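Walk me through this structure, please.

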Amino acid sequence: MDSLPLYRQLAAHYVDAIHTGSLKQGDKLPSLRHLMRLHDISLSTALQLCRTMESDGWVEARDRSGYFVRRPKRLAIAPMEEPAAGVPPDPAQYVGIHAKVSDFVARRRQLPEKLNLSIARGAPELYPAEALRNAMTRMLRQQPEMLTVAAQLKGHRQFRDVVAQRALRVGMAISPEEVLVTNGCIEALNLALRAVAQPGDTVAVESPTFYGLLQILESLGMRALEIPTSPQTGLSIEALELAIRTYDNIKAVVVVPHLQNPLGSVMPDAHKARLAHLCERHAIPLIEDDTYSELVDAPAPPRALKSWDTSGNVIHCASLHKILAPGLRLGWITAGRWQARVEMLKYAQTRNNEGLSQSAAGLYMGTGAYDRHLRHLRACLKTQREQTADAIASHFPPGTRINLPPGGLQLWIELPERLSSLRVFDAALAERIVVAPGTLFSNSSRFDHYLRINCGWPYGEAIGNGLRRLGQITEALLRGGAAAQGAPRRLQSSSASAA
């Protein structure tokens, strides 16, 4: 908390008072002058405190009267239901996700976008572009031959040193020699799956899950076994245990334990320990996609799944794509007992990564500026998520549900009356608003009445108006109005490649 600006520390103090009931709906906050005397702060800090609470939805300003407590509308929305875990999952039809994703990408490119709410990354201004440019310039001055000399096989040593050092914060004791640099987390996942499974094998995944993982499995000729996943606690351990008893050919389990995409769930430590031990007991490789853990709203990132690994059974994959620089495509893998095989697969598949971006990232990540950036990023994303959730609560029809994650870049929205997200996608796209329909996140149709909404861009008039219009479109479709003309369509095959 002490690392936050003073006005945010004080805002958190008053939000706590609202949570505990010390301040109730309609109560007036102390005046600006009173706040200045009470906390020994400047007028500027007092104004920032009140405006922060207003932008976060906790107070409202009344002309010439001051600031009054209000409960954000997002808090009145019912939570999502937990999935059923007692029914053995059926192996999903694994052919066809490429076609759905390709059609989604092709159709959203047909018209110039007015508002894209379908992506899952932050706005460029949220990342330290100038600091990274300066780091690259410094490295080129120190090593002018860097662009003309072949890069190191496993990756730049300084970068791998920093990754290994920071791994200690999440309970992982690894050496730099165990860190293999990859082209983002996507390549790391590809390497992990190729190391432990073959075409035709079954791989257990969360349901819903990131469509990029389903694309990987399809491209490798593997089958996805979708395991029910809680919006709050992640993959159901009970459902996975049942699946292991039911099917004897599960060759790997892939999970995103922290801020799962698209749900936003964070797996408790007890669940992570159970999952690691379950997979170890059954000799099933456990592949951890740890892309989002630095975005969890907490003083320190949560423990990695691999911190419970005692036999090298957990393969840890991560990247900087969401947290530092989307344009660098810098990821890494620590593969446990499959390390040598993964290194050979990497050599055969893509050889060495270029070194300049690694050296610059390593230089920056080794300074206190990196942690300051992460704190700032988390604070900005928290505000943007809450503003987006409030807008959805205000403008979408009754019965809409939102999963409010403790961090991250996105919201998972359940549409009322099981309204098809493809119908919403079609109607919104006609007005150049792009959303991610839930059908992308499963090989089945069970998530067709969900949407994933991005919160990575600063909330402003364009986003507010877009969400208002999206709510009107949803309302019209429920009523069978003008926006509902035409039957719902399926995403069809296209020549476009997925983003």
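**A guided walk**

Arg160 touches Gln152, Lys154, Gly155, Pro176, Glu177, Val179 and Val181, leaving aside residues up to four places away in sequence. Touching, or contact, means heavy atoms within 4.5 Å. This is a predicted model, in which local features need pLDDT of at least 70, side-chain atom pairs count only at pLDDT 80 or more, and totals for chains, interfaces and linings use all residues. Residues are numbered from 1 along each chain as its sequence is written, and side-chain values use heavy atoms, with hydrogens and water left out.

Where does Arg160 sit? Its place is in helix α6, residues 157-167. Helices (H or I, at least four residues) and strands (E, at least two) are DSSP runs, numbered from the N terminus. Arg160 counts as buried, at 5% relative accessibility. Buried means under 20% relative accessible area, exposed over 50%, and partly exposed in between (1.4 Å probe, protein chains only). A polar atom of the Arg160 side chain lies 2.9 Å from the backbone oxygen of Pro176.

Now turn to the nonpolar residues. In soluble globular proteins, nonpolar side chains tend to be buried together. A nonpolar core is a set of buried Ala, Val, Leu, Ile, Met, Phe, Trp, Tyr and Cys residues joined through side-chain atoms within 4.5 Å. The largest one here has 70 residues. Leu193, Ile287, Ile315, Cys317 and Ile333 touch the most other members. Helix α7 (residues 184-196) gives the largest share of this core, eight residues.

Next comes helix α14, residues 421-429. Eight of its nine residues are buried, so the helix is largely enclosed by the rest of the structure. Among the buried ones are Leu422, Phe425, Asp426 and Leu429. What covers them? The cover includes α4 (97-108), β14 (433-434), β15 (436-437), β16 (450-454) and α15 (461-479). Ser420 caps the N-terminal end of α14. A side-chain oxygen of Ser420 lies 3.2 Å from the backbone nitrogen of Leu422.

Strand β13 (residues 410-414) is mostly covered too, with five of its five residues buried. In a regular strand the side chains alternate between the two faces of the sheet. On one side of β13 are Gln410, Trp412 and Glu414, on the other Leu411 and Ile413, and all are buried.

Which strands join β13? Strand β12 (residues 401-403) runs antiparallel to β13, with three bridges between them. Strands pair if DSSP finds at least two bridges between them. Arg401 has Glu414 in β13 as its bridge partner. The hairpin of β12 and β13 has six residues between the strands, and Gly407 takes a positive phi near 145° there. Strand β16 also runs antiparallel to β13, joined by five bridges. Here Ile413 is partnered by Leu451 in β16.

Last, look at the cysteines. A disulfide is a covalent bond between the sulfur atoms of two cysteines. The cut-off used is a pair of cysteine sulfur atoms within 2.5 Å. How many does the whole structure hold? The search finds zero. The sulfur of Cys380 has its closest cysteine sulfur in Cys455, 13 Å away, which is too far for a bond. Cys380 is buried, with a relative accessible area of 18%. Cys455 also counts as buried, at 1% relative accessibility.

Key: Polar contact = N/O pair within 3.5 Å; in protein donor to acceptor, adjacent residues only side chain to side chain.
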